Amino acid sequence: MSDDTRYLKGGPVAQRIMAEVKADAAAATAEGFPPKLVSITVGDVAAVGVYVRNQKAKAELTGIGFEERRFEADITASELEAAIHGMNADPRVTGIIVQRPVPAHIPIKAIQAAIHPLKDVEGMHPASIGNIVYNQLDLAPCTAAASVELLKETGLDLKGLEVVVVGHSEIVGKPIAFLLMSEGATVTVCHHMTRSVAAHARRADALFVAVGKPRMIKADMVKPGAAVIDIGINSEVGPDGKNRIVGDVDTESVKDVASWITPVPGGVGPITVAILLRNTMVALNRQRALYRTTFGANDKLAAE
Ligand SMILES: NC(=O)C1=CN([C@@H]2O[C@H](COP(=O)(O)OP(=O)(O)OC[C@H]3O[C@@H](n4cnc5c(N)ncnc54)[C@H](OP(=O)(O)O)[C@@H]3O)[C@@H](O)[C@H]2O)C=CC1
Ligand SMILES: Nc1nc(=O)c2c([nH]1)NC[C@@H]1CN(c3ccc(C(=O)N[C@@H](CCC(=O)O)C(=O)O)cc3)C=[N+]21
């Protein structure tokens, strides 16, 4: 690792966000609006285990109610939608997240669209995604927002910055590109049809990688002095025979070329959870604003 290379650790950023969330949650609870997040998991999926465990732990730490709803893998799409509609109508539930992946027979887009936009804490409803396109950025998909938050830790000026995003999924790559465009960066997006990912990646002052392929990005694909944000969370068996998490970047070699690099674990992951909780408070505050505009006129009733 060259002397001036710095790890971009997610822990301190997550702590900062969670301190704000905790204060916000305490204030809302004191005013009679306790936040409550419901997590929906369908079937038994290993990929969501760590995420849900961390959601529960951090929600408890910040004073946000948390309920895990697990459904059998053979639930039908309409049964799942009905369960979500029930939560939409329940004023005690202030935020809903559907953990991915869901079984193949469940159309994930329809399920995400079934969540009421005011309770969509993950920012995956089409209306929420649309807000990002319109530069309204306060409730963005969690991992995308977390990745951009880490880039800001470098102190680099995002205006005009050459950024390359590898991976263009709706949940990670695309929203990262939109968030960065809103911040004034010049953004190139690569995917599996890109002719030479390496040629693009080597031009990037900031490189975001969200593909799901361990060690895909090697040192010769990175511009010296770049910031590398590794979003990949891949599980593999380590030399000790135990399962471990690795990113999409070959950290060992890339850390000698880049000026900043995110560790995995300990990088984007912890911030993703913190942003989910922050989004839960943004959603709650929007619900409260709606209450005010709907019922606020009562304050102006003339005394009898
Ligand atoms: N840290 C966190 O909080 C989170 C981490 N993740 C992790 O991020 C990674 C990506 O997740 P997600 O976006 O959901 O995954 P998807 O599988 O939905 O998307 C992967 C993307 O990578 C592209 N891709 C595949 N192969 C290549 C290639 N050889 N070159 C360039 N692009 C390629 C795909 O393009 P195409 O569609 O054209 O095939 C696709 O856009 C995973 O490791 C996941 O575990 C995910 C969510 C949260
Ligand atoms: N609807 C949906 N949205 C997601 O964002 C989503 C999902 N489904 N399904 C699963 C993937 C994976 N994911 C993780 C987020 C944080 C950590 C995390 O907190 N990681 C820590 C801890 C790792 C550990 O404890 O071992 C870290 O990287 O340091 C992990 C994984 C979100 N995903």
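Tutor: Strand β9 (residues 234-237) and strand β10 (residues 243-246) pair in the antiparallel sense over 4 bridges. Two strands pair if DSSP finds at least two bridges between them. Helices (H or I, at least four residues) and strands (E, at least two) are DSSP runs, numbered from the N terminus.

Student: What kind of model is this, and how are residues numbered?

Tutor: This is a predicted model: local features need pLDDT of at least 70, side-chain atom pairs count only at pLDDT 80 or more, and totals for chains, interfaces and linings use all residues. Residues are numbered from 1 along each chain as its sequence is written, while chains are lettered from A and ligands numbered from 1 in the order in which they are written.

Student: Which residue of β10 does Ser-235 stand opposite?

Tutor: Ser-235 faces Ile-245 there. The hairpin has 5 residues between its strands, and Gly-241 takes a positive phi near 85°.

Student: Where else is phi positive, in a residue other than glycine?

Tutor: Look at Asn-135, with phi near 65°. Asn-135 sits in the loop between α5 (126-133) and α6.

Student: Now the sheets. What is the strand order in the open sheet of 3 strands?

Tutor: The order is β3-β2-β4, with parallel pairing. β3 and β4 (95-98) are the edge strands, and each pairs on one side only. From one strand to the next, the twist averages 20°. That angle, like the others here, follows a rule: axes are lines fitted to C-alpha atoms, for helices over the stretch in contact, and angles run from 0 to 180 degrees between N-to-C directions.

Student: Over how many bridges do β2 and β3 pair?

Tutor: Strand β2 (residues 36-42) and strand β3 (residues 65-71) pair over 7 bridges, in the parallel sense. Ile-40 has Arg-69 of β3 as its bridge partner. Between the two strands the chain passes through helix α2 (residues 49-62), and this β-α-β crossover is right-handed. To judge the hand, point the strands away from you: a crossover is right-handed if the path from the first strand over the helix to the second runs clockwise.

Student: Which residue of β3 is the bridge partner of Lys-36?

Tutor: Lys-36 has Gly-65 as its partner in β3. α2 packs on this sheet, touching β2 and β3, and its direction makes about 155° with that of β3. Contact has a cut-off too: two residues are in contact if their C-beta atoms, placed from the backbone, lie within 7 Å.

Student: What is the order in the open sheet of 6 strands?

Tutor: Read β1-β11-β8-β7-β5-β6, with parallel pairing. β1 (6-7) and β6 (186-190) are at the edges with a single partner strand each, so one side of each has no neighbour in the sheet. β1 and strand β11 (residues 260-261) pair over 2 bridges. In that pair, Tyr-7 has Ile-261 as its bridge partner.

Student: Which strands does α6 lie across?

Tutor: α6 lies across β7 (206-209) and β8 (227-230), at about 155° to β8. Helix α7 (residues 173-182) lies across β5 (162-166), β6 and β7, at about 170° to β6.

Student: How do I describe two packed helices?

Tutor: Give the angle between their axes and the distance between the axes. Take α2 and helix α10 (residues 268-295): they pack at about 55°, with axes 10 Å apart. α2 and α10 are therefore oblique to each other. The classes are these: under 35 degrees is roughly parallel, over 145 roughly antiparallel, 65 to 115 roughly perpendicular, and the rest oblique.

Student: What is the hand of the α2 and α10 crossing?

Tutor: This crossing is right-handed. A crossing is left-handed if the near helix is turned anticlockwise from the far one by less than a right angle, and right-handed if clockwise. The contact includes Asn-54 and Lys-58 of α2, and Val-273 and Leu-277 of α10.

Student: At what angle do α6 and α10 pack?

Tutor: Helix α6 (residues 142-152) and α10 pack at about 120°, with axes 8 Å apart. That makes α6 oblique to α10. Their crossing is right-handed.

Student: Where is Pro-101 placed?

Tutor: Pro-101 is in the loop between β4 and α4 (108-114). The peptide bond from Arg-100 to Pro-101 is cis, with omega near 0°.
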